[in-house]
Amino acid sequence: MASAVLPSGSLCAAAAAAAAAPPGLRLRLRLLLLLLSAAALIPTGDGQNLITEDVTVVEGEVATISCRVKNSDDSVIQLLNPNRQTIYFRDFRPLKDSRFQLVNFSNSELRVSLTNVSISDEGRYFCQLYTDPPQEIYTTITVLVPPRNLMIDIQKDTAVEGEEIEVNCTAMASKPATTIRWFKGNKELTGKSEVEEWSDMYTVTSQLMLTVGKEDDGVPVICLVDHPAVKDMQTQRYLEVQYKPQVHIQLTYPPQGLTREGDTLELTCEAIGKPQPVMVNWVRLDDDLPQHAVVSGSNLLINNLNKTDNGTYRCEASNVVGTAHSDYTLYVYDSRAGEENSIRAVDHAVIGGVVAVVVFAMLCLLIILGRYFARHKGTYFTHEAKGADDAADADTAIINAEGGQNNSEEKKEYFI
């Protein structure tokens with residue numbers, strides 16, 4: 001409902017008079033007019049001629065409030081704060097908060113900016129239009145607050161492979177509540193979050209349980225914030241994982257891998273772990289190392305090999321996490337084993353070459369014989385029925401052929 005102390009036309013006339021007053025009196029008249037207008041009416045209209053939009057802004061940034069009139073009739077527009085204090089009456093700002101600044105004023109719009117927005121500025125702001133009856137509409141300012149701080153904590157600075165560790169990430173004092181996402185390297189993981197609310201602000205703590213292996217050493221665990229007020233906000237910690245050694249035996253000599261009597265064998269033990277093994281140990285399974293074997297650091301050297309050196313040689317490495325080993329089986333061949341293998345390889349090559357030459361020669365002979373028989377077979381068919389070509393029937397042809405043979409014999413007798 002509305003009060004009828006002063007009609008809206010009188011308020012407009014008073015506002016015009018205040019604008020025309022001398023400078024010293026103008027401010028007093030405007031303040032008096034504001035008091036009269038606030039006491040004179042309580043808007044009852046539904047704001048059908050006013051337009052505004054809700055505003056969402058990040059804390060510390062600028063919010064812009066716009067009161068627009070669809071069908072202007074030169075009525076007075078004013079903007080009020082959530083406490084219904086007048087921020088702007090037309091283009092005049094009675095409120096002393098200098099963060100409010102006039103952006104645009106006309107008969108159809110009052111646009112005001114609010115700089116350095118804080119959470120206390122959140123709420124409803126009212127646009128009023130002094131018509132008969134008066135109209136009012138409100139806009140809501142929503143302030144987003146990014147997390148004040150982002151912290152990640154790992155239960156143990158150094159873990160052992162196979163161990164389960166706890167990692168926590170806390171995003172403090174945000175609005176609305178933050179969503180926390182976990183990554184191990186590029187792989188996303190799932191944590192468990194708890195939300196605590198205090199004075200319209202939210203603190204979120206997410207817990208991640210992680211079983212680590214040696215492949216996780218040096219891999220970052222990332223806590224990533226998903227919040228409308230901030231992008232790419234994250235923190236991370238690198239995992240430090242201890243693991244038992246990985247052992248591998250490398251054959252250094254002989255390079256071809258064939259160990260013969262009288263040769264030298266040299267093996268190198270490669271061990272990698274965290275912490276790094278400080279020493280390795282060489283043993284022979286089921287027997288002692290040969291007396292002429294020499295161990296130097298991670299190397300095993302056996303000179304003048306013989307068949308009694310045959311066996312399985314093991315390299316062992318250990319650290320505070322555990323022990324690991326790798327085995328090499330030695331078999332010593334006769335001293336002529338390499339030569340016999342070389343001779344056998346040469347014999348096979350020679351035999352293969354001879355067989356190839358023989359096969360090639362036979363193929364050439366078959367081709368030549370084929371061409372020869374094909375040529376003479378044509379000549380035989382040309383002369384075998386000589387004298388039968390002019391016969392009227394088959395019987396005559398046979399007689400003529402026989403006669404031809406007889407004539408040939410007679411000719412032979414004649415020449416004899």
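## Disulfides, a sheet and a cavity

C364 is partly exposed, with a relative accessible area of 31%. Partly exposed lies between buried (under 20% relative accessible area) and exposed (over 50%), using a 1.4 Å probe and protein chains only.

This is a predicted model: local features need pLDDT of at least 70, side-chain atom pairs count only at pLDDT 80 or more, and totals for chains, interfaces and linings use all residues. Residues are numbered from 1 along each chain as its sequence is written, and side-chain values use heavy atoms, with hydrogens and water left out.

**Disulfides**

How many disulfides does the structure hold? There are three. A disulfide here is a pair of cysteine sulfur atoms within 2.5 Å. With the bonded cysteines numbered in sequence order, the pairing runs 1-2, 3-4, 5-6.

| Pair | Sulfur atoms apart |
|---|---|
| C67 and C127 | 1.9 Å |
| C169 and C223 | 1.8 Å |
| C269 and C315 | 1.7 Å |

Take C67 and C127. Their link is left-handed, with -70° about the S-S bond. C67 lies in strand β3 and C127 in strand β8 (residues 123-129), so the pair ties together parts that are 60 residues apart in sequence. Strands are DSSP runs (E, at least two residues), numbered from the N terminus. Both C67 and C127 are buried.

Next come C169 and C223. The torsion about their S-S bond is about -80°, so this disulfide is left-handed. It links distant parts of the chain: C169 in strand β12 (residues 164-174) and C223 in strand β17 (residues 220-226), 54 residues apart. C169 is buried, at 0% relative accessible area. C223 is buried too, at 0%.

For C269 and C315, the torsion is about -75°, so the disulfide is left-handed. C269 sits in strand β20 (residues 265-274) and C315 in strand β24 (residues 311-318), 46 residues apart. C269 and C315 are both buried.

**Sheet**

Strands of a sheet pair through backbone hydrogen bonds, either parallel or antiparallel. Here, an open sheet of four strands has the order β1-β3-β7-β6, with antiparallel pairing. Its edge strands are β1 (50-51) and β6 (100-105), and each pairs on one side only. Two strands count as paired if DSSP finds at least two bridges between them. Strands β3 (residues 63-69) and β7 (residues 109-114) pair over six bridges. I65 stands opposite V112 in β7.

**Cavity**

The largest cavity is lined by I154, K156, D157, A159, I165, L239, E240 and V241. On a 1 Å grid over the protein atoms alone, a cavity is a set of points where a 1.4 Å probe fits but cannot get out; lining residues have an atom within 4 Å of a point.

Methods:
On a 1 Å grid over the protein atoms alone, a cavity is a set of points where a 1.4 Å probe fits but cannot get out, and a pocket is an open set with protein on both sides within 12 Å along at least five of seven lines; lining residues have an atom within 4 Å of a point.
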